[in-house]
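This report describes the architecture of a single protein chain.

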Amino acid sequence: MCFVKNLSDIAVIRDVLSRHGFRFSKSLGQNFLVNPGVCPRMAEECGASPETGVLEVGPGIGVLTAELAKRAGRVVSIELDQRLLPVLDETLADFSNVKIVNGDVMKLDLARLLAEEFPGMEVVVCANLPYYITSPVIMRLLEEKLPIASLTVMVQKEAAERLCALPGSRACGAVSAAVQYYAEPEVLFSVGRGSFVPQPNVDSAVIRFRIRKAPPVEVEDERAFFSLVKAAFGQRRKTVANSVSALLGLPKETVQRACEAAGVSPTARAEQLSMEQLAALSSAIGARRAGEEKGENQ
Ligand code: SAM
């Protein structure tokens with residue numbers, strides 16, 4: 001029997017952590033959940049079921065891990081901080097379907113890990129992400145095209161708004177456009193800063209990305225498309241044509257012509273463009289570059 005009853009009870013957390021001589025590490029983004037309503041809700045929203053495998057990043061003392069383990073067939077949780085391993089041994093002792101992997105989520109071979117740990121299972125990701133690597137983790141999980149059905153993650157509220165912004169809206173940036181290419185994002189619910197110990201300076205939100213089976217736009221060259229998106233949003237106060245020309249190192253005239261061919265106003269700002277326009281602009285620039293290489297006069 002596990003004697004730890006409620007892992008989101010602040011008294012229980014303090015007791016477990018002090019017995020293990022644990023001190024929070026700010027640089028590892030260690031803000032642990034103490035609001036008992038949040039983890040069961042996240043575990044439900046991520047779609048964990050006996051047929052599902054759940055990949056978690058950063059279990060902390062296992063408060064979300066335990067809720068996932070109650071619902072999922074199997075849970076594999078990646079924790080970088082070695083000091084938490086004996087703590088997790090204790091707090092998750094009741095669950096035979098949980099495995100903790102000690103490592104850095106940015107460095108592990110995730111494709112291999114998923115294939116080995118969840119053979120034949122549908123996999124979802126559910127995590128209260130360390131804030132210092134929110135976007136890199138999300139982009140890694142999306143860009144590698146891992147066999148994952150959805151990501152349900154807690155991030156800082158501002159990051160949630162940015163990650164879920166639609167192309168054509170003010171909050172949209174290069175990351176939002178990239179996210180839209182791979183997934184359908186939505187904000188599920190907000191979580192106040194008082195729900196964590198130690199308390200962070202900002203509120204959080206839980207967001208969900210349902211991974212698309214196919215991208216919403218057809219793109220000939222994905223690398224070129226993402227470079228274009230990065231360049232278009234790179235200098236937000238400039239027009240698309242100026243920002244793209246400066247950051248991709250292309251003559252302004254070439255970019256202006258590509259804009260015309262793509263049906264994009266060269267004086268528009270990147271946040272005004274739809275995914276279709278970004279894709280068309282990327283193709284038009286690619287066509288112009290190919291033409292120039294062949295020596296054609298565009
Ligand atoms: N899931 C717990 C909760 O909700 O209370 C803890 C979440 S805390 C925001 C983030 C966790 O991620 C910490 O346990 C931290 O040690 C871990 N972490 C930080 N960087 C990591 C990395 N690169 N790879 C894996 N885990 C990491």
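## Helix 9 and helix 10

In this predicted model, helix 9 and helix 10 cross with a right-handed sense. The residues that make the contact are Ser-227, Leu-228, Lys-230, Ala-231, Ala-232 and Gly-234 on the side of helix 9, and Ser-243, Val-244, Leu-247 and Leu-248 on the side of helix 10. By class, six of these contact residues are nonpolar, three are polar and one is charged.

Helix 9 covers residues 222–234 and helix 10 covers residues 240–248; their axes come within 7 Å and cross at roughly 120°. The two helices are therefore oblique to each other. The loop between helix 9 and helix 10 contains Thr-239. With a relative accessibility of 13%, Thr-239 counts as buried. Apart from neighbours within four places in sequence, Thr-239 is in contact with Pro-266, Thr-267, Ala-268 and Arg-269.

Seven strands form an open sheet with mixed pairing, in the order 4-3-2-5-6-9-7. Strand 4 (98–102) and strand 7 (183–191) are the edge strands; each has a single partner, so one side of each has no neighbour in the sheet. From one strand to the next, the twist averages 20°.

Strands of a sheet pair through backbone hydrogen bonds, either parallel or antiparallel. Strand 5 (residues 122–128) and strand 6 (residues 150–156) run parallel and are joined by five bridges. Within this part of the sheet, Asn-128 has Met-154 of strand 6 as its bridge partner. Helix 7 packs on the sheet, where it touches strand 6, strand 7 and strand 9 (204–211), and its direction makes about 135° with that of strand 6. Six of the seven residues of strand 6 are buried, so this strand is largely enclosed by the rest of the structure.

## Ala-160 in helix 7

Helix 7 spans residues 157–164 and includes Ala-160. How exposed or buried is Ala-160? Its relative accessible area is 1%, which means that Ala-160 is buried. When residues up to four places away in sequence are not counted, Ala-160 touches Val-155, Val-187, Ala-205 and Ile-207.

A separate pair relates Ala-160 to Glu-45: these residues are 115 residues apart in sequence, and their C-alpha atoms are 16 Å apart in space.

## Helix 6

Helix 6 comprises residues 134–143, and eight of its ten residues are buried, so the helix is largely enclosed by the rest of the structure. The buried residues are Thr-134, Ser-135, Val-137, Ile-138, Met-139, Arg-140, Leu-141 and Leu-142. Just after helix 6, Lys-145 adopts a positive phi of about 50°.

## Helix 11 and helix 12

Two packed helices are described by the angle between their axes and the distance between the axes. For helix 11 (residues 252–262) and helix 12 (residues 275–293), the angle is about 130° and the axes are 8 Å apart. Helix 11 and helix 12 are therefore oblique to each other, and their crossing is right-handed.

Helix 11 contributes Thr-254, Arg-257, Ala-258, Cys-259, Ala-261 and Ala-262 to the contact, while helix 12 contributes Ala-280, Leu-281, Ala-284, Ile-285, Arg-288 and Glu-292. Eight of the residues in this contact are nonpolar, one is polar and three are charged.

## Overall fold

The protein contains twelve helices and nine strands. Its C-alpha trace spans about 75 × 40 × 30 Å along the principal axes.

Of the 298 residues, 51% count as buried. Among contacts with a separation of 6 or more, 68% are accounted for by residues 24 or more positions apart.

Conventions. Residues numbered from 1 in each chain as written. Predicted model: local features only at pLDDT ≥ 70, side-chain atom pairs only at ≥ 80, totals over all residues. Heavy atoms only, no water. Axes fitted to C-alpha atoms, helices over the stretch in contact; angles between N-to-C directions. Helix = DSSP H or I, 4+ residues; strand = E, 2+ residues; numbered from the N terminus. Parallel < 35°, antiparallel > 145°, perpendicular 65-115°, else oblique. Left-handed = near helix turned anticlockwise from the far one by under 90°. Contact = heavy atoms within 4.5 Å. Nonpolar A, V, L, I, M, F, W, Y, C, P; charged D, E, K, R; others polar. Buried < 20%, exposed > 50% of the residue type's maximum accessible area, 1.4 Å probe, protein only. Pairing = 2+ DSSP bridges.
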